[in-house]
Amino acid sequence: MPKKASKSPVGKGPSTPARKPARVAAKRPTMASKANFEAAPNLSQERIVRALETIAAHLSARGKPAVETESFERADAYVWHPDGRLAAVPRVSRVELFLLKGVDRMRDILMENTERFANGLPANNALLWGARGMGKSSLVKAAHASINAQRKPADRLKLIEIHREDIETLPMLMEKLRDASFHFIVFIDDLSFDGNDASYKSLKAVLEGGIEGRPENVILYATSNRRHLLARDMIENERSTAINPGEAVEEKVSLSDRFGLWLGFHRCSQDEYLAMVRGYCGHFGIEVDDEALEREALEWSTTRGSRSGRVAWQFVQELAGRLGVKLAGK
């Protein structure tokens, strides 16, 4: 039998060392490659920083347009754009003040408030709310034109319309107007807010409560079909889902409280509606037998399901078109 190899005791006698797995010797980096390796992260970081700075500059330029100096001598009316631009309106679409029927009390109050403001005296922000088509926005534009009729160019009021969806840029507009030499009516037509809309906070800060507040040469006039600028079902939903119903509703309802002047517009009577129609016909020279005019005007309002200044104007447009009369001086 073959003899088994004897194992030498550890530490005694010669022994064949166990073979270790061969290792691939790592190639040591040279001085040049080591320098490139250390410089690569620094170059990458520099590129990233430069790219981030470029992106931030573009976002800043888009998010905060530069506020430019405006002379406001080009026109008496402007439309505000959220990119910081004021577009002049050479000819405002409006009706004459005397053609607005059935709103005598609201007309007198708004005219007095606007005239005080134009003369540099204290005046209130105004909320014109109520029935559709009863001349709320028409009254604002007519009051502006009436006040300017007897004023010198340097003393004329400027009317600036800002669209409902651009309210968040209102502080930027205030910054643009603050140092101007003119007085401004900032006009927001058809103002209302949805349940999750937070843009009303920008308006609240401008009206009252912000650290800068409303400039002394600016007043805000807004129109709305809602007295509290929120639909009733939205208010009820706030009450039903909030931990403290009173506080949940108070934040949004308090917006309308910041308008010092509330002017309510209600549906007109049949006599007021007919007076509007006759006033338009007389102003534009539409000659129609009064009995036929009354009959057709009432029939028109019945088909529309309402009586208002807007319905009266639409009827007059239809009548003038039928008779071939141009509505010059609209």
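Which strands does helix α3 (residues 136-148) lie across? Helix α3 lies across β3 (126-130), β4, β5 (184-188), β6 (218-224) and β7, where contact means heavy atoms within 4.5 Å. Helices (H or I, at least four residues) and strands (E, at least two) are DSSP runs, numbered from the N terminus.

This is a predicted model, in which local features need pLDDT of at least 70 and side-chain atom pairs count only at pLDDT 80 or more, while totals for chains, interfaces and linings use all residues. Residues are numbered from 1 along each chain as its sequence is written, and side-chain values use heavy atoms, with hydrogens and water left out.

The strands form an open sheet of seven in the order β2-β1-β4-β5-β6-β3-β7, with mixed pairing; two strands pair if DSSP finds at least two bridges between them. The edge strands, β2 (85-88) and β7 (261-265), each pair on one side only, and the twist averages 25° from one strand to the next. Strand β1 (residues 77-81) pairs with β4 (residues 158-161) in the parallel sense over three bridges, and Val79 has Glu161 in β4 as its bridge partner.

Angles run from 0 to 180 degrees between N-to-C directions, and axes are lines fitted to C-alpha atoms, for helices over the stretch in contact.

| Helix | Reference element | Angle |
|---|---|---|
| α3 (residues 136-148) | β3 | about 145° |
| α4 (residues 170-177) | β5 | about 165° |

Elsewhere, the axes of α9 (residues 290-304) and α10 (residues 309-323) come within 10 Å and cross at roughly 125°.
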